[in-house]
Amino acid sequence: MSDQKIHIVGCGPGSREYLTAQAQVAVDEAEIVIGPQQLLNLFQGVASRSMPTDKEISKSLDLIQSLVRQKNVAVLVSGDPGCFSLAKLIIQRFGIKRCRVVPGISSVQLALARVGLEWTRAKVLSVHGRDEQEVLDQIFNHNPCVILLGRELTWMSPIVEKLSDQREIFLMQDLGLPRERISTIKKKKDTEAEISSKSLLVIFSPQSIPGQES
C-alpha cells in the first residue's frame, strides 16, 4: 500500500470553543489520530484510534512514519500549524506533497484580539530553545511584539522598568481556557511569579499604533 496523507490539524489554544469545523472533519476522517493527550481529549470518539505523541520529537516523527505507510493519519498540533509548531518538522521530513495543513486559531491571534490589535503587524517571537538576549533586542525593534514564553519570566526583569515607561506589557496565561488570566507588567517584581506553561507577552506602544492612543 502506498503512503497515505498526513493531515496536520491545528487545534487552537486548547478548548473545544476554538476548534474549527474543518479540524473536526479531518479528525473524523482519520484512521489514526496522534497528538498530545490534552489535544486528543478535545475530540469525542477517538480513543480507540488515538495514540499520544512522545515528548521526544524524533520519536513522534518516527511514529508518524510507521503509521502513514498504511493509515490515513491526523496529527494534532496546538494553535495554528504555522506558528512555532511541530508542523514545520513534519513537512521538512515528509514533504509538503504528502501533507495537508488544517489551520487553527493561534494563541497569537487570540492574544492580539484581546487587546484589539491588528496581528498582521506583530513580530512573533519564542523563548523556547532561543537566546533570551536576542529576544530582548527584538522587543526594542518591533511594535507590537508577541513573545511565547516558558514557565518563568525573570529574564525580562532587567529591562521591565525601562520598557514600562514606553510600552504596554500584557502577560496572558491559558488563553481560551477556563483559567485564562490577563495582567499587566509594570515593575520588576511582576516578573518573579511562576507562570503557566501556556503564557505569552504582548508588548506595544499605543502612541505609535493608529487607533490605540489613549
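**Exercise 1.** Find which residues touch the most other members of the largest nonpolar core.

*Solution.* Start with the term: a nonpolar core is a set of buried Ala, Val, Leu, Ile, Met, Phe, Trp, Tyr and Cys residues joined through side-chain atoms within 4.5 Å. Buried means under 20% relative accessible area, exposed over 50%, and partly exposed in between (1.4 Å probe, protein chains only). The largest such core holds 20 residues, and Ile139, Ile147, Leu149, Leu153, Trp155, Met156 and Leu201 touch the most other members. Next, look at the elements: at least two core residues each come from α6 (132–141), β7 (145–148), α7 (157–164), β8 (168–173) and β10 (199–204). Helices (H or I, at least four residues) and strands (E, at least two) are DSSP runs, numbered from the N terminus.

This is a predicted model, where local features need pLDDT of at least 70 and side-chain atom pairs count only at pLDDT 80 or more, while totals for chains, interfaces and linings use all residues. Residues are numbered from 1 along each chain as its sequence is written, and side-chain values use heavy atoms, leaving out hydrogens and water.

**Exercise 2.** List the contacts of methionine 156, leaving aside neighbours within four places in sequence.

*Solution.* Contact means heavy atoms within 4.5 Å. With that cut-off, methionine 156 meets Leu136, Ile139, Leu163, Thr191, Leu201 and Ile203.

**Exercise 3.** Aspartate 174 is not a glycine, yet has a positive phi; is aspartate 174 buried or exposed?

*Solution.* First, locate aspartate 174 in the loop between β8 and β9 (181–184). Its phi is about 55°. Finally, its relative accessible area is 2%, so aspartate 174 is buried.
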